[in-house]
Amino acid sequence: MKDILEIRIHGRGGQGAKTASQFIVEAALDQGKYIKAFPEYGPERRGAPVAAFARISDKPIHTYAPITNPDIVLVIDNTLIGFVDVTKGLTNKGILIVNTCEESSKMKEKTKFKGNVYTVDATNISIKLLGKNLPNISMLGALVKIANNISLESLKNKIKEKFLKKIGEEKTEKTIESLIKGYDEVR
Amino acid sequence: MPEIKALTGDQAVAEAMKQINPDVVPAYPITPQTEIAMTFAKFVADGDVDTEMIRVESEHSAMSACVGASAAGARAMTATSSAGLALMWEIVGVASGLRLPIVMNVVNRALSAPINIHCDHSDSMGCRDLSWIQIYSEDAQEAYEHTILAVRLAENKKVLLPVMVMQDGFITSHSLENVEVLEDSKIKKFIGEYKPHKPLLDIKNPVTYGPLPLQNAYFEMKRQQIDAMENAHKIFLDIGEELSKITKRKYYYFEEYKTKDAKAVIVVLNSTAGTTKAVIDRMRQEGKKVGLLKIRLFRPFPYKEVANALKDIKFAAVLDRSDSFGANAPLYSEIKNSLYDLTKRPKLQNCIFGLGGRDISEDDIEKLFSDLLKGNVSDKVKFIGLNE
């Protein structure tokens, strides 16, 4: 086991890849962990492929090097597969989590990835619960289940803290529900 | 109790400014500094500070407003990057020439042309001879603490010089990380009430700022400025020690990381020091004697202390994130100068890396260390990460 858990999140501008990376590390920080989160800065346009990164560790994290060999990759938008190399730097011990309604075997085929592949229909969850395609929170639910070192509880608290003032109680509850559904339904 | 927060480097600086509660902050947005001014503007709007924030129309005006405010007797701060610092240039020298204790955060970014928003040190290195104290920061925590230290250093009566606090654009300025935010009351006490030195608005004791001294007095005034910079050496340590009592961290001219028995050492500024530490930890486990010298205080430069720190090292690589086009790169030049009086000194390798934000990986640093350990040192500049 490496000292630092390294995560890469692929999405499109506006889908919340950066926000997801920040939420996950902030939840980890609340558990007393050391964290770093940073997005890839380029031309920031809605819909353009973007990536965000996170590091989580029990020890201080000194490095500022780019993450080239992530342990876990999250793909928020599966239409990126095929023209963005989403498995780049992932070893066979790595984990790929994709937002899709398809089976993980299909994703294995599409990505030709030899490691563990998990899927969750985050888009469907968010449309049903929030009436909008906001899959990033459900994806975090899936990530928490698979990564198994950040508590779902601290992520729930983080979402409450971030959203309650902004979107009100009802929508916050729905957002938390989408997190739990992502956690429960990843396979 | 201090509080651990998830903050970016920019937010950490804004947090320091909130605790300092300066009288005047004139600022103009520029990437990647903008988040400092933006976050601080929110503190102003929310009434967390009683700062007069001036939204100026350019950086030249930002520094001009700092100069006016500071001469009048106000505690003034600002922040900028790259082209913003370049546009400020004329007034940057005015601030130090008038001996005004302004504190400015510079979030390092490459200079145009070609235009680029990412990190290198050409902006702050470009004004290393403008008589500003320069402090470089590895991470958000240091940027936060250096900003607090800078206020006291600038305002010390034996110094009275402006201070620039640097951090790496995007790499730390936009990276969310653990920051220990110290107690408001402790920082407030550390900073103290501002008692300006000979302010313009003290109408009972009228003074002149910015007269016209020609051949008769200009030289003498510059000599005083040289002395002030010299004084800053010791006072930096004194104030650092005082801050240590609150933070339990050290503020020496530089940080030596596992250099005691090191055969090969890397000398570098800002965030790359962090990456180097990660590589050192790994290589040390394999028994390789490698270390880091991270320069914190670049102006005034601690020549004697650097010489002492490096005298027993066999090989050292100096990594510059800017060049001096046609001369030795800024950091390399100072390190080499430091070693002149030694009879036994390390062999030096100058490396230029990361211009315009080009990534430097742990593998790049490991390879460099391996070369140094083999005694593979050349008098030619090594360009790390360059495609050629």
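This is a predicted model: local features need pLDDT of at least 70, side-chain atom pairs count only at pLDDT 80 or more; totals for chains, interfaces and linings use all residues.

Reader: How do you know that the length of helix 6 of chain B agrees with what it should span?

Author: Helix 6 of chain B covers residues 140-155, which is 16 residues, and at 1.5 Å a residue these should span 22 Å. Its end C-alpha atoms are 23 Å apart, so the two values agree.

Reader: Why is helix 6 of chain B called mostly covered?

Author: A residue counts as buried under 20% relative accessible area. In helix 6 of chain B, 16 of its 16 residues are buried.

Reader: What makes helix 6 of chain B roughly parallel to helix 7 of chain B?

Author: Helix 6 and helix 7 (residues 184-191) of chain B pack at an angle of about 30°, with their axes 9 Å apart. Angles under 35 degrees count as roughly parallel, so the term applies to this pair. B:Tyr144, B:Ile148, B:Leu149, B:Val151 and B:Arg152 of helix 6 meet B:Ile187, B:Phe190 and B:Ile191 of helix 7. By class, this contact has 7 nonpolar, no polar and 1 charged residues.

Reader: Why is helix 3 of chain B called roughly parallel to helix 4 of chain B?

Author: Helix 3 (residues 59-72) and helix 4 (residues 82-97) of chain B pack at an angle of about 25°, and their axes are 7 Å apart. The cut-off is again 35 degrees, and the angle is under it, so helix 3 is roughly parallel to helix 4. Their crossing is right-handed. Residues making the contact include B:Met63 and B:Val67 of helix 3 and B:Leu87 and B:Ile91 of helix 4. The contact divides into 9 nonpolar, 3 polar and 2 charged residues.

Notes. Residues are numbered from 1 along each chain as its sequence is written. Chains are lettered from A and ligands numbered from 1 in the order in which they are written. Side-chain values use heavy atoms; hydrogens and water are left out. Helices (H or I, at least four residues) and strands (E, at least two) are DSSP runs, numbered from the N terminus. The expected span of a helix is 1.5 Å times one less than its number of residues. Buried means under 20% relative accessible area, exposed over 50%, partly exposed in between (1.4 Å probe, protein chains only). Axes are lines fitted to C-alpha atoms, for helices over the stretch in contact, and angles run from 0 to 180 degrees between N-to-C directions. Angles under 35 degrees count as roughly parallel, over 145 as roughly antiparallel, 65 to 115 as roughly perpendicular and the rest as oblique. A crossing is left-handed if the near helix is turned anticlockwise from the far one by less than a right angle, and right-handed if clockwise. Contact means heavy atoms within 4.5 Å. Ala, Val, Leu, Ile, Met, Phe, Trp, Tyr, Cys and Pro count as nonpolar, Asp, Glu, Lys and Arg as charged, and the others, Gly among them, as polar.
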